[in-house]
Every structure is written in structure tokens, then in C-alpha cells.
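Open the model in your viewer and keep the selection tool ready.

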Amino acid sequence: MSPRNVGAVMRKEFNHIVRDPRSLILAFIIPLSLILLFGYALSLDVENVRTVIVDHDRTRESRDLVRHLASSPYFRVQGHLESTAEVSVVLDSGTAAVGVIIPPGYGRDITADRSSPIQVLVDASDPNFSNITLGYLTAFINTYNQRLLLKFLDKNGMPAIEPPVDGRIRVWFNEDLQSRKFIIPGIIAVIIMIAGAMLTSLVIAREYEAGTMETIRSLPLTAVEFLLGKAVPYFFIAMTNVLIAVLLGQVLFDVVMKAEFSLMMAASSLYICVALALGLLISTVTRSQLLANQGAILLTYLPSLLLSDFVFPVTNLPRVLQLISSIVPATYYIEILNGIYLKDVGFALLWKDFAVMVLMLAVLSGLSLFILRREGL
Amino acid sequence: MTPSSDDAILVQDLVKRFGEFEAVKGITFSVRRGEIFGLLGSNGSGKSTTIRMLCGIIAPTSGRARVAGYDIESQSEEVKHSIGYMSQKFSLYEDLTPFENIRFFLGLYNVDRSRWKERMEWVLETARITEVKDRLTRDLPQGWRQRLALGCALLHRPEILFLDEPTSGVDPVTRRHFWGFIRELSEQGITVFVTTHYMDEAENCDRIVMIDLGTIVAQGSPAQIIREVCPGSEGADLNEAFITLMARSAP
């Protein structure tokens, strides 16, 4: 392999990029908009659930319940309605997701130390959201019951008791349960796939379409030199994207990438190489820019987004999709990033993910080289 | 580096099959150093397949060939260093300038860096495109682009120049210029291997091989072929000879 040949292809590829800045714009605008879009819009956290109240009771006790509910960060009381029928209207229209209906006599029952039902209606059209909301509601009612219980004991001159099971739950790795901390690494994985695979998927197809592949074949240039020269400029574009994403994650979303930077760079470099190899393979096989672009979206962008444990937890996927997920490069990269950023674990625990990506890189570039050599390079 | 014999190209029983289809059916010929050699045939006769095998672009199914003394299969890199190739379709980068195109070729051929400037200027002057070297190649007229492609193929002073249908779609004046230039190259000792289906042009060749459906139907100098194929008919040309041959081989 001659570095000079690699350099010549690199320079040419660089000239192409400069000549047609559309691809460069694609390489930076799409990642930027994705960070903003996902970072702001794709918050999986459930907060400020819009809640409406129907208080048929209108006593001190019922107002106390409502006040406690409103003071929780998870619920935002939007207003008071007159009837259950009105609740069904706002749930239908989607202006509120939870309706709490306090029956007449609630205050009387509570004061008399009797159990009193209250009705809660939840919009479950988004099951994920409603599951979380249900959890919040159950927790809220338990806490409120406990309060009332302690008050009851106090009133009757009994000492406060400790609950028999005192569960002390601590969440690790992402103590504030902020989904952003999980989303930013996922976005970086998707962005690299877009910048890396989608752009490189065009570069060999372009040679076939322009007829210049014939020239390439007639030149003293080996398949390895050709592929390397094609990949290097895009490696730097993808790497710039990683750095921009890390920076934006920090500035806009307070996701501080605190762990070892060198390990992060090593993982990113490897993952970029896998993405580039995949793009180049798609390009070599399809020989058409249109087909390559569609193939790249189908094979890189969507799986990285949907099957990589980023948006949907892999454990919930059907068996077939789990198998596919295990050959999606982003799965391993996201695992490494989460390991680095959330768990702060080192290479000792992550080497398997590195090894899988090295294997992927070898297989993908091996296939491209095989095809190109058969083509006369 | 140089082959010992006087033959720049030696072809022996060369066969190329694409699946069931046999494009080249075992051809044998040789090209002498410094001559202008024409490979003639109608479209689909196997011309391009042959030239692409000789340039190391596709591998032959069987048979052997040596180009500039190197085996086309086992030494294809060496072959590629010793030849210049201009394909049938214009195949330089249209979105790059002539300057950038030449730079690319300079980087890939074994041209010493100290000679880059001189070679760059030589190509630009020979192709008469010095003043447009920073314009986009796609904006240049067809004839100019063709000259640039020829210049790029000669950049590294190859021993042998392969031209696949170099004059298709070129006007008569440019064509005359082109053949004058080829003659000059040949006088400098460069072997020129040309494929064409224009029989009038083929008169410019020192020697000719005519192929049809992948087999050789005639070879020799233009005059020789005319004499053999059309004996007795005064003023016959290659065109007539070719048509006669085609009629003969038709079933």
C-alpha cells in the first residue's frame, strides 16, 4: 500500500466535497437539526401531567388533597370542572391527560376515619406515558394515605409507627432519571451513521455513474488504497460531528460527558470506521447513488434509531428483532457510551463491545475489498 | 523494466467469457514496439473486451498476454504503470478542474514529485487547455475534454497508449489533428493501440487486426488486407474489405 496513492484519492475526494458543498451541508445541517430535535422534543420524561379536577365535595379535606396533588412536580392542575361529563370532553380533546373526581361526602368520610373512594381517569392512548403516570398516581395516593394515617394515629394519642418494610430505593448511573442523559449518546450514534454511512454510500456509486470507475480500474491503484482514500475525508467530517454533538449536549442540555475522553474518542473512531465501511460497501454493491441512498437509510439510519436500545428497549423486542439488533453497530456504540458516561466504567468492562465492532469493521471492509478486487482494482 | 523482444504486446489464445456468452474466442496476435496498431471490428465484436483485458481491467477466462513485458494477470499493477488508457466514454471527473484532474493522475502514477510541474505544463500545453485549467471540466467543449483525457493518459510517459474508440463523436478536423498527434507519438517510440470501427481512419495504422464475433478474420497492414480480401478490384479500400469479410463470415 502506498501512502501517496491514498493521498491522491483523498485529495480528489476532498475536491469533490468542496465542489459540491451540498453534501457538506447535508453532513452538518442534518446532525445539528437532529440534536436540537431529539434533544428538545424526544424527552421520554413524564412531568407536568395536565390534570383537571372535579370537586363535588368542596370541603377542607378535598381542597387539601387537591393542593397536595398540585404541589407535586409531576402533575399540573389545569382547572376545575363541574361534572364527569366535562372530564370526558377534555380527555377526548387531549387538553388534559388525567381527571380526578372527588365524590360528595369525601370530607365527611375522611373526618369520620372511613375509607372514601375517589375516581381517577387516565388517558392511556400512549401506553408508555400512561404507565408512568399510573406509577406517579399510585405513589402519590400511597404517600397521601400515609400522611392521613399518621394524622389519625396522632389524633388518637398513639405513637407514630414505622412502616414494616422500609424500602430504600436508590437509582444509580442517572440519579435524576433524566432521559436526556440517555438520549444524547443515542443521538451521537445516529448522527455518525448519517454523516458516515449515508455520505460514503454515494462516493463509489458516483464513480460508477460518471463512468470514472473505468479510469480508476486502469490506474495503478489497489482496492485498499482506493477505499482508504475515500474514507479518510469522511472520517474527519464524522469526527467533527461527534465533537459538535458533545459540545451541544453540554451547552444546551447540560449533559456533561465527564468520563475518560480518550476512551470516548477511541470508541467513536472505531464506530465511525464501521459506519464508513458499511456506507462504502452499500455504494460498491448498488453502483447507483439513488439506490445507495435509499439502502443507506434502510440499513443504517433506521436500525440505529429503532433497534439499538436507543428509543425502544431491546429486551422488549420480539426475538427476531433482538437478533437483528445484535448486528446493528449502534447497539454496541450506545452500550459503550452509556458505560462511559452514565456508569463511568472503563475498558475492562467494555472490551467486548469494542471487539464486536472490530469484527464488524473487518467483515464489512473485507466484503468491499473482495468485490472491488473482482471488479479489476 | 523493458521487455527483451521487439514486441510491445503479445497475445496468445486469449478468451473471455461472460457467463454463457463468449465475447473473445481465443485470439492470438502481437504488436511491435513503436507501431500504430489498429484493432478493428463492428460494435460488439469484442474490441473493448480485448483492450480492457490488455489494460488489466478485467481478467481473461483463459489464454495469456504480455503487455510491456508484464503478464496481464500476475503483474497487472506493473502493466498499469507502463500504459496509458483512454476509455470509450469520457471518464475524467467533470466536477473537477483540468488542473485537479491532472493532479489526481500525477499522484497515482510513478511520476517523481520534482517533475510534476513540468508534466502538468506539458499536458496542459499538449491538450491546449492551459488558459482553462481552472474551469470546471464539464464546462469545456467535448473536443477539449477529449484532449485533456488523452493528455492524462500520457502524463507518465507510458510505453504503450491504449485508445478505445478515441474518435467517436469527434468532428473531421479534430480527427485529422488527432491522427497527426498519434503519428508524432509513434515517432517518439510510443506504441499506440487503437480500436475503431471507422475503416477510413484505420488507414493511418501501421498494422491492423480485424475481429468479428470474438475471432480474428484478417490481419496485416491495411494495404495487405485490401489486396488479400479484394484481389483484382482497383481502388478498393478498407471499408470494402471489411464489408466483404463480414459477408463471408455471416451464416
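How many nonpolar, polar and charged residues are in the lining of the second largest pocket? By class there are nine nonpolar, four polar and nine charged residues (Ala, Val, Leu, Ile, Met, Phe, Trp, Tyr, Cys and Pro count as nonpolar, Asp, Glu, Lys and Arg as charged, the others, Gly among them, as polar).

The model is predicted: local features need pLDDT of at least 70 and side-chain atom pairs 80 or more, while totals for chains, interfaces and linings use all residues. Residues are numbered from 1 along each chain as written, chains are lettered from A and ligands numbered from 1 in written order, and side-chain values use heavy atoms, without hydrogens and water.

**Chain A: the pocket**

Select A:Y106, A:I110, A:T111, A:Y144 and A:L148, which of the 22 lining residues lie nearest the pocket's centre. A pocket is an open set of points on a 1 Å grid over the protein atoms alone where a 1.4 Å probe fits, with protein on both sides within 12 Å along at least five of seven lines; lining residues have an atom within 4 Å of a point. Next select α6 (127–155) of chain A, which gives the most to this lining, eight residues.

**Chain B: the sheet**

Colour the six strands of the open sheet in the order β6-β7-β8-β3-β9-β10 (strands are DSSP runs of E, at least two residues; two pair if DSSP finds at least two bridges). β6 (83–86) and β10 (215–220) of chain B stand at the edges, each with a single partner strand, so one side of each has no neighbour in the sheet. Now select β7 (160–164) and β8 (191–196) of chain B, which pair in the parallel sense over five bridges. Finish on B:I160, whose bridge partner in β8(B) is B:T191.

Methods: Helices (H or I, at least four residues) and strands (E, at least two) are DSSP runs, numbered from the N terminus.
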